[in-house]
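Subject: Structure handover

Hello,

Please find the structure below. My notes on what was found in it follow directly after.

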Amino acid sequence: MGRLKTSSLFVLLLFLSIFLMALRAPVDTDMWWHLAAGRYSPALRPLNFDFFSHTVEGTPWLNHSWLSQHFFYGLYRIGGLQAIALATAFIVTLSFAIIYSSQGNPYVKGFSLLVAALASSVVWTPRPHLFSFLAFAFIINRLERLRGRTDVILLPFVFMLWANLHGGYIAGLAVMLLSLVGNLGDSLLYKDPEARRKAKLLALILPLTLLAICFNPWGFELLLYPVKTLRIRTLQAYIQEWASPDFHILANHPGIWLTIAIMLILAFSKTSVKWADLLPLLGFFYLYLLAVRNIAFYSLLAGLTLMRYGEVALQRFDFLRPSSKRSYLNTLILILALAVASFRAYHVLKEQSIQAQEQSSLPRNAVEFSLKEGLTGNLFNSYNWGGYLIWHLYPYCKVFVDGRTDLYGEEILRDFLRVARAEEGWGRILERYKVKIVIVEREVPLVRCLELQKGWRKVYEDSLAVIFVREGSLSQ
């Protein structure tokens, strides 16, 4: 191998680091029901009604992630959970590579992306929202360099594909709308002809994009999906990723670092900030404060903003200028880094490592017990474990609830919380839904009540999960 430039080594190590950060055991709680949907879906068509649960069985399901489910299940059939882990890391890395492709100093861009990667790493999980992460990176990269006729065709096409991969397309619409308003502001306040040109293009592209989104199995109905989901108040009350970020948790601190870095860069930048950049950034910072899952979009926008204005603010520092010098030492460092990366990848992707992660966070042993003992019937289960139980126990058992909050709606989710918290009437709810088996975390208040309740028997317990059955439900 030839000599390698220091700046090139820096870029390669940056993306190698992001890839390794994203390479994890695929044990996300929602991944499993997406895999199950892919397993039972008709070929290249969506699963559009529910048969995994007993609470809303037969209900029409606006399954906006149907194409992603085929993708993930296809990966699983080809290479198991290891293939899903590798694909997750690749999609995350590709998203940042798209942002990095903007012109600028490689060191400034690298620092910006590294902070953005640390901030968004909390949501790098093998689920369809990864495609929203990738598509959003592509959209904001194109907004920076709108090119006329090409983008009039390209951007609506991207949204058409996005709308069949994940419902996060609404974030793309929001950033385009905010960019349109920002460019209008720049053209009026600063008489900027480039901003006026972009505003005209976006005014043309947005209606075409709305029309393109409707090319899905549900047509115009999909446009109302985000509104329907956000109206479910239980999301904010119970589901962690829909709650505001808890900055007492260390994993959420990079979001603070990212925001402070932007404030410093904008303060020291010699150029005035464009409204076309500022409005989307402020809009998605506001959304991030409302729900931690929105850090995915905010981090990409913030990283791009740091890249745009960071080079101007830091141009006085000569040591940040990329060097054209080449060295065999750089090549040696890269080879060593690749060796370390290969060792880590092997360790993460080992079957034993994945099983250990699964066993520590999911009811793997409880599921094995249930299958061994032949338990069948309606479940009351942990919300977080619903997808995992669907993947392993359907069709023998049907879940009470899982991560498809838009399908269950407010009433079912309220009933779930009343039972889990052992609030007044919990027993009548279990009777109404003909629940025969309960699989929940040991610390759930319901556990203590079932231990004292006649007609229920504890048949399994470990450090993570507990199983109760109604008398007569356990096979003899």
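Tyr 288 has a relative accessibility of 2% and counts as buried (buried is under 20% relative accessible area, exposed over 50%, partly exposed in between, with a 1.4 Å probe and protein chains only). This is a predicted model, in which local features need pLDDT of at least 70 and side-chain atom pairs count only at pLDDT 80 or more, while totals for chains, interfaces and linings use all residues. Residues are numbered from 1 along each chain as its sequence is written, and side-chain values use heavy atoms, with hydrogens and water left out.

Aromatic pairs

Tyr 288 pairs with Phe 247 in an edge-to-face arrangement, 6.3 Å centre to centre and with 80° between the planes. Rings of Phe, Tyr and Trp (its six-membered ring) pair if their centres lie within 6.5 Å; planes under 30 degrees apart count as stacked, over 60 as edge-to-face and the rest as tilted. Phe 247 sits in the loop between helix 10 (234–238) and helix 11 (253–268) and Tyr 288 in helix 12 (residues 275–290), so this pair ties together parts 41 residues apart in sequence. Helices (H or I, at least four residues) and strands (E, at least two) are DSSP runs numbered from the N terminus. Phe 247 is partly exposed, at a relative accessible area of 30%.

Across the whole structure, a search finds 31 aromatic pairs. Another edge-to-face pair is Phe 96 with Phe 133, at 5.7 Å centre to centre and 65° between the planes. Phe 96 belongs to helix 3 (residues 66–100) and Phe 133 to helix 5 (residues 129–143), so the pair ties together parts that are 37 residues apart in sequence. Phe 96 and Phe 133 are both buried. One aromatic cluster is formed by Tyr 40, Phe 49, Phe 51, Phe 52 and Tyr 394.

Backbone

Most residues other than glycine have a negative phi, and most peptide bonds are trans. Where is a cis peptide bond found? The bond from Tyr 394 to Pro 395 is cis, with omega near 15°. Pro 395 lies in the loop between helix 17 (386–393) and strand 4 (397–398).

Lys 191 is not a glycine but has a positive phi of about 55°. Its place is the loop between helix 7 (169–189) and helix 8 (193–213), and Lys 191 is exposed, with a relative accessible area of 61%. Lys 434, also not a glycine, has a positive phi of about 55°. Lys 434 is in the loop between helix 19 (426–432) and strand 5 (435–441) and is exposed, with a relative accessible area of 61%.

Individual residues and their contacts

Contact here means heavy atoms within 4.5 Å. Thr 88 is in helix 3 and counts as buried at 3% relative accessibility. Apart from neighbours within four places in sequence, Thr 88 contacts Ala 22, Thr 125, Pro 126 and Leu 130.

Ile 232, in the loop between helix 9 (225–230) and helix 10, is buried at 6% relative accessibility. Not counting residues up to four places away in sequence, Ile 232 touches Thr 405, Asp 406, Gly 409, Glu 410 and Leu 413.

Glu 311 lies in helix 13 (residues 295–313) and is partly exposed at 34% relative accessibility. With neighbours within four places in sequence left aside, Glu 311 is in contact with Gly 104, Asn 105, Val 108 and Leu 306. Glu 311 and Val 108 are 203 residues apart along the chain, and their C-alpha atoms are separated by 6.2 Å.

The chain as a whole

The protein chain has 20 helices and seven strands. Its radius of gyration is 25 Å, close to the 23 Å that the globule rule gives for 476 residues, so the chain is as compact as a globular protein of that length. The radius is taken over C-alpha atoms, and the rule is 2.2 Å times the number of residues to the power 0.38. Along the principal axes, the C-alpha atoms fill a box of roughly 75 × 50 × 45 Å.

Of the 476 residues, 56% count as buried. Among contacts between residues at least 6 apart in sequence, 73% join residues at least 24 apart.

Regards
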